[in-house]
Amino acid sequence: MIKVDYLTRGRVAVVAFQSPPVNSLGFTLRQGLLAALERAEQDTAIDSVVLMGSNTTFSAGADIREFGSAEMLRGPSLATLNTCLEGMSKPVVAAIEGMALGGGLELALSCHHRVALASAKIGLPEVKLGLLPGAGGTQRLPRLIGIEAAINVMLAGEPLAVGLFAKSSLFDQVVEADLLAAASSVAEASAAAVKSGKPLPQARDLKVREPDLQALCQFARNTAKTALKEYPAPLAIIDAVQFGVEKSFDAGLLEERRLFEQLMNSPVSKALRHVFFAERAASRIDGLPADTKPREIRQVAVIGAGTMGTGITINFLNAGISVRLLEVGKEVLDRGVARIREVYEGQLKKGKLDAAKLAARMDLLQPVLEYPAIADVDLVIEAVFEEMSVKEKVFRTLDATIKRGAILATNTSTLDVDQIAAFTARPQDVIGLHFFSPANVMRLLEVVRGAKTAPDVLATAMMLAKKIKKTAVVSGVCDGFIGNRMIHRYSAQAMQMVDEGASPEQVDRAVEKFGFAMGPFRMGDLAGNDIGWLIRKRKYAEGSLVERQVIADKICELGRFGQKTGAGWYDYKKGDRTAYPSPVVAGVIDEARKAAGRPLRKLDDREIVDRLVYALVNEGARILEEKIAQRTSDIDVVYLMGYGFPVWRGGPIHYAESQTLYEVARRMRAFAALPGADAEFWQPAALIDKLAAEVRSFNGGAA
Ligand code: 3H9
């Protein structure tokens with residue numbers, strides 16, 4: 001419930017506000033705060049004010065949901081509220097505990113004094129949303145902590161311990177406890193000073209001294225340009241700071257406002273705001289009874305000490321959860337343990353881990369050779385060879401060995417989780433946990449909900465994902481789940497374009513220019529081309545893939561599996577990950593094109609990018625139609641976290657919507673009409689056509 005309480009403590013008014021869960025400063029709260037301040041100004045029974053959150057936190061800033069909506073323009077803006085606050089005739093003290101972020105910190109900066117609990121954190125994270133602090137932060141913070149420090153705080157966007165600023169003008173006091181008492185005494189002392197004729201301290205009046213402002217700002221710009229080249233907000237932050245210092249505080253506020261509005265309406269900020277909410281929405285599970293309690297997980301077992309199994313193991317060790325790593329061959333097991341140690345030693349060398357932590361993590365690892373040694377664990381994750389017969393053997397053994405109530409998870413990336421569950425007499429306890437390689441690095445986890453997976457098993461998986469710092473997305477069962485099912489379409493399109501006349505280098509370059517971390521061919525070389533080959537061979541045998549990928553198959557027949565074999569779509573030199581165009585591959589492509597006898601044509605970068613991205617979008621729409629994904633934003637999260645889609649474009653579905661679905665469908669039809677095109681592939685999913693016709697977006701809003 002949003003509320004602003006007005007209490008008195010002697011001659012101090014305590015304005016205690018809340019808007020759970022994070023006290024974001026939406027319209028109702030802003031209005032309530034302004035009313036409380038106006039009351040305090042008139043109240044003859046008080047001489048000063050303490051402003052605080054009433055629910056153990058100050059504020060996480062402006063209400064991001066309001067951005068770009070009419071709500072933002074209703075009633076007092078945050079900037080107006082801050083100007084009123086600063087202009088009060090009675091001193092106002094911000095009492096900060098928990099978090100004061102973004103507009104929350106800007107509210108506090110507009111107070112005359114600030115007192116904080118030592119455990120509190122402050123920050124201006126607007127940059128992460130493609131914005132600059134738009135309620136005075138770019139003007140007040142430099143005046144309180146200095147220009148360089150303020151720029152660093154704003155460009156980093158991270159929450160920082162208040163202790164770092166204890167000696168600056170930012171805080172009057174940083175206390176270990178009794179925040180309200182400390183803030184009240186600062187308020188009383190300030191009121192007494194006002195009575196004796198002293199002016200109230202205001203950040204706007206502080207002088208900033210910077211002997212070489214130009215050089216400092218230029219240096220900051222150069223760094224921001226190279227590190228964050230697609231993001232306009234960092235440069236805008238530096239511009240706003242420099243403007244206000246060179247001109248005046250008030251001119252700076254106006255410039256800040258102008259830049260904020262410009263950024264708020266930019267595609268990058270819209271994309272980043274979408275990502276903020278998409279990541280949080282992903283953890284919600286549709287149709288789960290509200291009273292579902294997750295199971296307790298104290299002991300985990302991982303089966304398979306290969307790259308995947310060891311990567312998965314590291315996640316749990318990092319979270320302080322002990323793992324029994326099972327591998328039936330001693331040599332492979334030893335190699336797996338050595339790999340885990342190697343990862344930690346690498347971190348030790350880089351100073352990311354100390355020796356004590358390394359030892360503690362390795363102590364949590366117990367290598368075992370037999371199934372009975374894992375009989376009492378709470379969760380088993382299988383990461384064995386990707387073949388149904390191998391999975392069957394493992395799951396039948398697990399069913400016979402592991403205690404009742406344990407969760408049995410498979411790390412399969414393509415196989416049918418329901419079929420795997422049916423190998424046990426407890427399909428309700430079986431779930432897919434699809435980690436992405438390298439599993440200790442990639443943030444994405446696809447949680448695959450089988451037809452019979454129990455609600456508490458699903459809830460446990462989501463809870464565990466949070467514990468091991470993964471972003472989990474729920475997927476239904478289908479071939480490849482959300483991510484690989486879509487990437488399959490994308491890769492097929494990349495191959496098709498090579499058949500038509502593009503080179504792998506051209507395809508990679510075009511999509512990397514669009515912002516992908518890596519093009520499809522470089523990605524294949526990194527992940528291992530043999531993985532896709534194995535899947536294709538299975539599908540050829542099943543008859544579910546009729547058209548052969550002649551070039552890709554030939555590359556694998558030549559043993560060119562990618563970086564691990566020193567050759568793939570590209571050539572590699574020893575100890576060097578640079579991809580060099582390969583004359584061997586060029587020869588294979590040439591031969592295949594000749595054999596196919598189709599005319600070649602030139603493809604431009606726009607066609608390459610659109611065909612790759614819209615292949616993802618079309619399959620994504622089908623995934624939504626089939627209810628494999630719970631919501632459109634989940635598809636974006638999968639592609640952002642697991643497949644290197646450019647974050648500043650918001651994910652494939654957000655990007656498609658930004659182009660309008662009408663235009664997307666129109667382009668798809670144009671691709672279908674190209675010579676030799678797969679017309680069925682490019683038939684827009686029924687959902688896209690429907691939404692385009694209704695001028696609606698995937699989320700139901702107007703497009
Ligand atoms: C700004 O201030 C602009 C100004 O300079 C100028 C204005 C004119 N608004 O993350 P959690 C929701 S820009 C709306 O899971 P945690 C969040 O969606 C803002 N909603 O919790 C979630 O909802 P749900 C600058 C917000 O404990 C719930 O709260 N500030 C906001 O892991 C819990 O969030 C930021 O960028 C918000 N500002 O982390 C701070 N914040 O339950 C953004 C959160 O429905 N927030 N929600 O999914 C954060 O970084 C984290 O939420 C925080 C808590 C660290 C505070």
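Which polar backbone atom is 3.0 Å from an oxygen atom of the ligand? I looked it up: the atom belongs to Gly 134. I count N or O pairs within 3.5 Å as polar contacts.

I noted the ground rules. The model is predicted, with local features needing pLDDT of at least 70 and side-chain atom pairs pLDDT 80 or more, while totals for chains, interfaces and linings use all residues. Residues are numbered from 1 along each chain as its sequence is written, and side-chain values use heavy atoms, without hydrogens and water.

One lies 2.9 Å from a backbone N or O atom of Ala 62. A polar backbone atom of Ile 64 is 3.0 Å from a nitrogen atom of the ligand. The protein covers 75% of the 1000 Å² of accessible area that the ligand has on its own (Shrake-Rupley, 1.4 Å probe).

I listed the shell, taking heavy atoms within 4 Å as near. It holds 25 residues, and Gly 103 and Arg 280 are among the closest. Helix H10 (267-282) and helix H3 (103-109) each give two or more residues. H10 gives the most, three.

**Sheet**

I traced an open, mixed sheet of six strands, ordered E1-E2-E3-E4-E6-E9. Pairing takes at least two DSSP bridges. E1 (3-9) and E9 (173-175) are the edges; each has a single partner strand, so one side of each lacks a neighbour in the sheet. I then followed E4 (92-96) and E6 (113-117), which pair in parallel over four bridges. Val 93 has His 113 in E6 as its bridge partner.

How values were computed:
Polar contact = N/O pair within 3.5 Å; in protein donor to acceptor, adjacent residues only side chain to side chain.
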